[in-house]
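The sequence and structure are shown first.

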Amino acid sequence: MASVDDVTHYLAKRVADVLYPGGPLLPCIVNTSVRIYPGWPVSGALQTDTEAGGAHVSVWPLPSERKVNCALGRPYQTLAKGKPTLQLRVTDSAITVSGVASSITNVQIHLNGKKFIFHFYTGTTAEQVVHILQLNLPHAFIMMSRVIIPVVNHLSITVTTAGTAVRELRRQIKDFQITVWAPTPQLRNAIGTEIDAALSELCHIDLGDGVPAQMFYARQFDSDAAENWYVYRRDLIFSVNYATTQTISAPEVTEIAVTVNSHNLRH
């Protein structure tokens with residue numbers, strides 16, 4: 001789920017990508033050292049760096065926040081389908097098994113008009129699956145770690161595992177302050193202009209929780225003096241609309257049973 005920390009770290013990383021497009025090991029685009037971080041600066045470190053000609057960029061969440069409406073009923077949405085790590089493959093009348101189940105894995109086998117369903121728990125190995133299939137499939141035997149079925153008219157296998165589903169518990173709009181601390185007005189303007197353009201270009205942002213988030217420019221202002229030493233400061237305020245979410249493990253449906261007039265119908 002996205003949190004205030006997730007947003008501040010996202011903004012700090014985005015600023016770092018702008019000022020250090022080649023990565024932290026290459027020079028900054030303003031030809032001086034710039035420290036970028038979530039949180040508020042430590043005054044001693046800030047004074048030392050600005051007196052040496054460097055700059056800081058801090059990202060700080062402001063107290064202002066307002067709640068916005070979520071979808072009615074707060075439904076779950078599929079975030080990602082599960083990818084089974086336990087694999088079963090059919091070749092003619094043989095079943096080959098490989099891998100180890102990293103989560104609960106469901107296997108549905110259609111054999112000569114009959115259906116066989118198996119549930120394998122996390123940690124189940126291919127060797128264990130081969131043994132279970134040999135015991136439960138008619139006339140099956142094991143040959144070279146494969147399950148062999150002597151007479152086959154039809155054989156197919158479906159393998160599924162749990163995916164991930166997410167829902168919004170609430171949604172809020174919160175202001176975040178990106179502050180440039182520089183030793184000269186020229187450096188402040190150079191850094192601030194690059195950050196302003198890059199962040200203002202963004203609208204839909206990815207916070208890694210699988211639900212939409214948006215960012216909008218709000219305002220900015222300059223300040224030219226600190227309490228004990230001169231530092232040139234620019235505050236850029238951006239509003240972020242993001243969700244607090246709940247994520248669950250969601251098994252994939254392999255069969256639906258419906259009762260109509262006391263008769264079971266399966267799909």
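The protein chain has an accessible surface of about 15100 Å², and carbon and sulfur atoms account for 53% of it; such areas come from the Shrake-Rupley method with a 1.4 Å probe, and for residues only the protein chains shown count as cover. This is a predicted model in which local features need pLDDT of at least 70 and side-chain atom pairs count only at pLDDT 80 or more, while totals for chains, interfaces and linings use all residues. Residues are numbered from 1 along each chain as its sequence is written, and side-chain values use heavy atoms, without hydrogens and water.

**Overall architecture**

The protein chain contains 4 helices and 16 strands, taken as DSSP runs (helices H or I, at least four residues; strands E, at least two) numbered from the N terminus. Of its 267 residues, 39% are buried, that is, under 20% relative accessible area, with exposed meaning over 50% and partly exposed in between (1.4 Å probe, protein chains only). Contacts (heavy atoms within 4.5 Å) between residues at least 6 apart in sequence join residues at least 24 apart in 65% of cases.

**Nonpolar cores**

A nonpolar core is a set of buried Ala, Val, Leu, Ile, Met, Phe, Trp, Tyr and Cys residues joined through side-chain atoms within 4.5 Å. The largest comprises 32 residues, and Leu19, Val34, Val57, Ile178 and Ile191 have the most contacts inside it. At least two residues of this core come from each of α1, β2, β11, α4, β13 and β14, and α1 gives the most, with 6 residues. A second, separate core has 21 residues, among them Ala126, Val130, Leu133 and Leu137. Beyond residues up to four places away in sequence, Leu19 touches Cys28, Ile29, Val34, Ile36, Val57, Ile191 and Glu194.

| Residue | Strand | Relative accessibility |
|---|---|---|
| Gln177 | β11 (residues 163–182) | 7% |
| Phe141 | β8 (residues 141–143) | 34% |

Gln177 counts as buried because its relative accessibility is 7%. Its side chain makes a polar contact of 3.3 Å with that of Asp235; a polar contact is a pair of N or O atoms within 3.5 Å, where within protein one must be able to donate a hydrogen and the other to accept it, and residues adjacent in sequence count only if both atoms are side-chain atoms. Outside four places in sequence, the contacts of Gln177 include Trp40, Trp60 and Arg233.

Phe141, at 34%, counts as partly exposed.
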